[in-house]
Amino acid sequence: GAITQAMARECKARGVSIMTNADVARVIVQPHRGRPRATGIALADGRVIEAHAVAANVGPRVLFERMVDASVLDDDFRERIRGMRTGSGSFRLNLALSELPDFTCAPGTHAQAHHGAGILFAPSLRYMERAYFDARSREHTPGWSREPIVELNIGSTLDDTLAPPGKHVASVFCQHFDPALREDWDRHKPQAVEAIFDVIARYAPNFRQSVLAVQALSPMDLERMFGLIDGDIFHGALQLNQLWAARPVLGHGDYRMPIDGLYLCGSGAHPGGGVTGVPGMNAAREITKDARRSRLKVWRAPRRRG
């Protein structure tokens, strides 16, 4: 959360109002000079926020299948959005630990340099390839890798305010887990967690005994909680026909959507997912250009001296 917290501090310093816990129900679209135009958003609690421009950081399918009235979109655009491929095969764990992992290759539960790094359990390219095809084939498991790719990050080694003294918290990012299981994930989730634990315990024998609490998020949980369709953390698969000018779809790779005043600024826009901020930066540039062209009043930060 350090990146978003830093962004929030900078925004507040520049006079930006930030509202949280405010579910967006729909984008308000009204006719303007013969074309549909986004004029604000309606919140789930009934409040309406008017705006000259709306920048959407949700996935393209969420935006156009749930938040924009289908009647203002042409059939071709709706069909292409519906055809976007989603599903990154991700499974997430948040863990509370009584002690740090004691790795057989680097013994000790005292904090060491490797505990503060991203720890990747994927010893070879063949291992990673097998993890992918294992999840797709379903020959041995209903839809996940018997030996998944696991990345462990122990945030409390870098920020001791995240856990009580002597304890730790960790986030675990895993692949591959088939999002096509949908609601069946509610039944299979405990087995998938055990497969992940098996991988970590193979290298750190004390791991299972150190786990105090687990929050497990299957692809279906990621969709329910965060609106990531098929658990896709990238808002759309990063494949050749969904990149560059074709992200989210051809004709709208410039962050401008087919509704005037509506822009896409998240991972579903070029250049895609990852903690870069580039889609948002690029979208902000285009929003500013359009505002200048239409002579809208755009707030500018005062110049800093020194």
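Guide: In this predicted model, a search of the whole structure returns 0 disulfides. Cys-11 is partly exposed, its relative accessible area being 29%. For Cys-174 the closest cysteine sulfur belongs to Cys-105, and the separation of 18 Å is likewise too far for a bond. Cys-174 is buried, with a relative accessible area of 0%.

The C-alpha atoms of Cys-265 and Ala-283 are separated by 5.3 Å, although the two residues are 18 apart along the chain. Ala-283 belongs to helix 8, which covers residues 278–293, and it counts as buried because its relative accessibility is 0%. Pro-271 is placed in the loop between strand 10 (262–264) and helix 8. This proline is joined to His-270 by a cis peptide bond, with omega at about 5°.

Gln-175 and His-176 are joined in the cis form, with omega at about 10°, and His-176 lies in strand 8. In general, most peptide bonds are trans, and most residues other than glycine have a negative phi.

Strand 8 also contributes to a pocket. The second largest pocket has a volume of about 360 Å³, and two elements give two or more residues to its lining, namely helix 4 (125–137) and strand 8 (168–177). Its lining comprises 18 residues, among which Arg-85, Gly-87, Ser-88, Gly-89 and Tyr-132 lie nearest the centre. By class, the lining divides into 7 nonpolar, 7 polar and 4 charged residues.

Aromatic contacts form the next part of the picture. With ring centres required to lie within 6.5 Å, the count comes to 9 aromatic pairs. One of them joins Phe-177 and Trp-185, with 6.1 Å from centre to centre and 50° between the planes, a tilted arrangement. Phe-177 and Trp-185 are both buried. Together with Phe-91 and Trp-144, they form one aromatic cluster.

The structure holds 1 cavity of 30 Å³ or more, and the volume of the largest cavity is about 60 Å³. Its lining consists of Gly-59, Pro-60, Arg-61, Val-62, Thr-86, Gly-227, Leu-228, Ile-229, Asp-232 and His-235. These residues divide into 4 nonpolar, 4 polar and 2 charged.

His-235, from that lining, also stands out in its backbone: its phi is positive, at about 65°, although it is not a glycine. His-235 lies in the loop between helix 7 and strand 10 and counts as buried because its relative accessibility is 16%. Asp-230 is likewise found in the loop between helix 7 (219–226) and strand 10. Its phi is near 60°, a positive value in a residue other than glycine. Asp-230 has a relative accessibility of 17%, so it too counts as buried.

Strand 1 (residues 24–32) pairs with strand 2 (residues 35–43) in the antiparallel sense over 8 bridges. Pro-31 has Pro-36 of strand 2 as its bridge partner. The two strands form a hairpin with 2 residues between them, and Arg-33 in the turn has a positive phi of about 55°. Strand 2 pairs in turn with strand 3 (residues 48–50), again in the antiparallel sense, over 3 bridges. Here Ala-42 is bridged to Val-48 of strand 3. In this second hairpin, 4 residues lie between the strands, and Gly-46 takes a positive phi near 100°.

Finally, the chain as a whole gives these details their setting. Its secondary structure comes to 8 helices and 10 strands, and the C-alpha trace spans about 70 × 55 × 35 Å along its principal axes. Of the 306 residues in the chain, 40% are buried.

Terms used: Residues are numbered from 1 along each chain as its sequence is written. This is a predicted model: local features need pLDDT of at least 70, side-chain atom pairs count only at pLDDT 80 or more; totals for chains, interfaces and linings use all residues. Side-chain values use heavy atoms; hydrogens and water are left out. Two strands pair if DSSP finds at least two bridges between them. A disulfide is a pair of cysteine sulfur atoms within 2.5 Å. Buried means under 20% relative accessible area, exposed over 50%, partly exposed in between (1.4 Å probe, protein chains only). Rings of Phe, Tyr and Trp (its six-membered ring) pair if their centres lie within 6.5 Å; planes under 30 degrees apart count as stacked, over 60 as edge-to-face and the rest as tilted. On a 1 Å grid over the protein atoms alone, a cavity is a set of points where a 1.4 Å probe fits but cannot get out, and a pocket is an open set with protein on both sides within 12 Å along at least five of seven lines; lining residues have an atom within 4 Å of a point. Grid points are joined across faces, edges and corners, and a volume is the space filled by probe spheres set on the points. Ala, Val, Leu, Ile, Met, Phe, Trp, Tyr, Cys and Pro count as nonpolar, Asp, Glu, Lys and Arg as charged, and the others, Gly among them, as polar.
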